[in-house]
Amino acid sequence: MAADTLINDFELPFQLYDVLGAETLTKHPKFAEHSRETFDAVLGTANKIATDLFLPHNHVADKNEPQFDGKKVSMIDDVKVAFDAFRESGFIAGRYSFDDGGMQLPETVMTAVAGYFMAANPSTTAYPFLTTAAINVISHFASDEIKNAFMPRMLTGEFTGTMALTEPHAGSSLADIKTTAVKQNDGSYRIKGSKIYISAGDHELSDNIVHLVLAKVPGGPGGVKGISLFAVPKYRLNDDLSVGERNDVHLTGLIHKLGYRGATSTALSFGDAGECHGYLIGDEHFGLRYMFKMMNEARIAVGFGAAMIGYRGYQYSLDYAKDRVQGRIAPNDKPEDAATAIINHGDVKRMLLAQKAYSEGGISLCLYGSNLIDRINTCEDATLKNELSELLDLLTPVLKAWPSEYGPKANDLGIQVLGGAGYTREYQAEQFWRDNRLNPIHEGTNGVQALDLSFRKLWQKGGLGIQILKREITQDLESIRTPETAKLAGKLMPYMGHLHEVLVHLSKILQTEKAITLTGNAQALMNIFATIVVSWIWIRQASKAEQLLSTTQDVEQQNFYHGKIQAAKYFIDWELPLINRDIELLNNDNAVCTDMQAEWF
């Protein structure tokens with residue numbers, strides 16, 4: 001695979017059509033005007049724009065961060081060129097209806113489209129992707145007046161969007177935010193407060209930036225129940241909706257990050273002069289509920305982005321391993337024998353296999369999640385629709401946390417494959433790791449995801465989500481007829497029983513004083529649950545690959561299928577057994593973490 005090839009040519013067709021059967025979505029009236037040919041054309045366009053305009057400046061933007069001179073932000077010209085090509089392609093509106101000027105494409109396909117851009121340049125990709133997330137909230141919850149004011153130009157990329165949640169004193173603890181919103185006679189609000197770590201919070205790429213800001217209306221309920229959501233533009237709109245005077249929103253500084261350096265991360269001040277106009281989205285005090293719509297979708301995007309950066313690092317180190325000649329392997333290990341490419345060394349194979357298992361497992365996992373969204377949106381059976389919705393809700397913490405945990409691990413291994421070269425800035429392996437290291441942190445840290453899974457998602461609606469997941473996994477495992485994959489399924493099945501035993505045990509302690517141990521052991525439960533889910537995801541891939549092996553004479557395609565089967569074997573044999581430690585910790589209510597006292601550190 002050439003260094004400028006973002007994704008193996010076989011990968012996305014295999015995931016979309018062979019594993020997920022995405023082509024069947026065209027049978028639904030919503031997607032009836034599409035076909036596999038139109039899906040492939042869209043993917044081809046994404047590949048070309050990402051390769052030609054996003055990839056070339058990824059390393060350049062990392063070395064030349066945006067600058068703020070006290071008045072405006074400047075950045076390398078390549079970012080604007082790439083952003084304009086993205087918006088002119090129509091991808092920002094790709095999910096939206098033809099009536100809205102969109103492509104009316106399935107979520108599964110749009111997620112695959114995103115893969116090219118995340119692999120090529122995650123920093124520049126942040127600008128349109130955050131805009132898409134903001135549009136989703138406005139389209140679902142805002143009044144027609146707000147929709148008409150902002151959505152059309154956000155869909156074209158003339159306006160961009162952000163999510164402004166975090167404050168200097170309040171990160172994940174949104175109940176503690178201090179930003180206020182005071183209602184005016186004209187129905188608008190005056191916003192006052194500070195936000196920090198706001199990605200894409202200021203730039204000159206678009207005519208306006210629409211911030212979605214969490215704030216509290218005085219007199220409202222305490223905690224998260226008192227949070228409201230507001231659209232706060234950088235520039236106010238005139239009566240004819242043209243861009244007007246500057247709103248009282250100001251950039252107070254750029255934040256200098258470990259990675260994602262090409263995307264601005266900002267500290268913003270709202271209402272220093274008392275004239276920051278904000279517009280309520282939905283009803284007062286329901287802001288967090290609305291924002292979770294954006295955050296849940298963003299969490300899938302974060303997980304997928306982490307998988308794609310992991311994949312890019314894997315492919316980069318794979319190319320290096322094929323070219324780097326060093327050492328000898330028995331029986332040709334005499335000094336006079338020719339040196340071999342390092343890809344032939346057993347430990348390098350181990351590291352490449354782990355990267356492949358982590359990154360391609362994450363890709364397949366997140367595409368499964370995106371396909372669930374399509375299945376929900378096209379489902380006409382109310383009962384099944386509710387079941388699938390609960391399954392997606394259950395899996396969302398995993399879709400975010402597992403790829404963002406293992407994507408950076410893949411990149412770490414990528415550095416190791418390059419050896420000393422991987423530790424130098426002349427090679428990009430270190431940048432992949434730096435860029436990916438953000439993903440376990442933002443959109444809810446992985447610790448928060450583990451707590452969400454452990455204390456909420458597994459138990460809500462009487463555990464309906466886990467019931468549906470077990471049904472889906474069991475149906476898949478019992479339908480396997482291919483011999484190699486059947487062996488893998490046999491190894492996974494006992495762990496389904498172990499998970500059941502752990503959940504039965506936890507259900508008994510949740511209402512006792514021992515429940516406190518789960519706050520320290522939530523990551524252990526996430527490890528068990530996510531590893532079982534990803535094992536299933538790998539078995540799904542291996543089963544399809546084993547079926548397809550005999551259908552082609554193309555050697556490259558056969559090698560691709562063999563690679564899928566081998567990566568599945570690696571994951572089941574090397575990664576799945578590691579959760580035995582976590583199973584024991586949870587079954588014994590291990591209190592080592594929660595018993596630790598602050599003074600003992």
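Phenylalanine 560 is buried, at a relative accessible area of 7%; buried denotes under 20% relative accessible area, exposed over 50% and partly exposed in between, with a 1.4 Å probe and protein chains only. Tyrosine 561 is buried as well, at 4%. The structure is a predicted model, in which local features need pLDDT of at least 70, side-chain atom pairs count only at pLDDT 80 or more, and totals for chains, interfaces and linings use all residues. Residues are numbered from 1 along each chain as its sequence is written, and side-chain values use heavy atoms, with hydrogens and water left out.

Aromatic pairs were counted next. Rings of Phe, Tyr and Trp (its six-membered ring) pair if their centres lie within 6.5 Å; planes under 30 degrees apart are stacked, over 60 edge-to-face, and the rest tilted. The count is 22 aromatic pairs. Phenylalanine 560 and tyrosine 561 are edge-to-face, because their ring centres lie 5.8 Å apart and their planes meet at 65°. Elsewhere, ring pairs join Phe54, Phe86, Phe91, Phe117 and Phe129 into a cluster.

Charges also sit over rings. The criterion is NZ of Lys or CZ of Arg within 6 Å of the ring centre and within 35 degrees of the ring normal. Lysine 409 places its charged end over the ring of tyrosine 406, 4.3 Å from the centre. Arginine 246 lies over the face of tyrosine 235, at 5.6 Å from the ring centre.

Threonine 131 belongs to helix α6, residues 122-141. Helices (H or I, at least four residues) and strands (E, at least two) are DSSP runs, numbered from the N terminus. Threonine 131 is buried, with 0% relative accessibility. Its side chain reaches the backbone oxygen of tyrosine 127 at 2.8 Å. Leaving aside residues up to four places away in sequence, threonine 131 touches Ile92, Met154, Phe159, Thr160 and Gly161; contact means heavy atoms within 4.5 Å.

The protein chain has 18 helices and 12 strands. Its radius of gyration is 25 Å, close to the 25 Å that the globule rule gives for 601 residues, so the chain is as compact as a globular protein of that length. The radius is taken over C-alpha atoms, and the rule is 2.2 Å times the number of residues to the power 0.38. The C-alpha trace spans about 80 × 60 × 60 Å along its principal axes. Of the 601 residues, 57% are buried. Among contacts between residues at least 6 apart in sequence, 74% join residues at least 24 apart.

Note on methods: A polar contact is a pair of N or O atoms within 3.5 Å; within protein, one must be able to donate a hydrogen and the other to accept it, and residues adjacent in sequence count only if both atoms are side-chain atoms.
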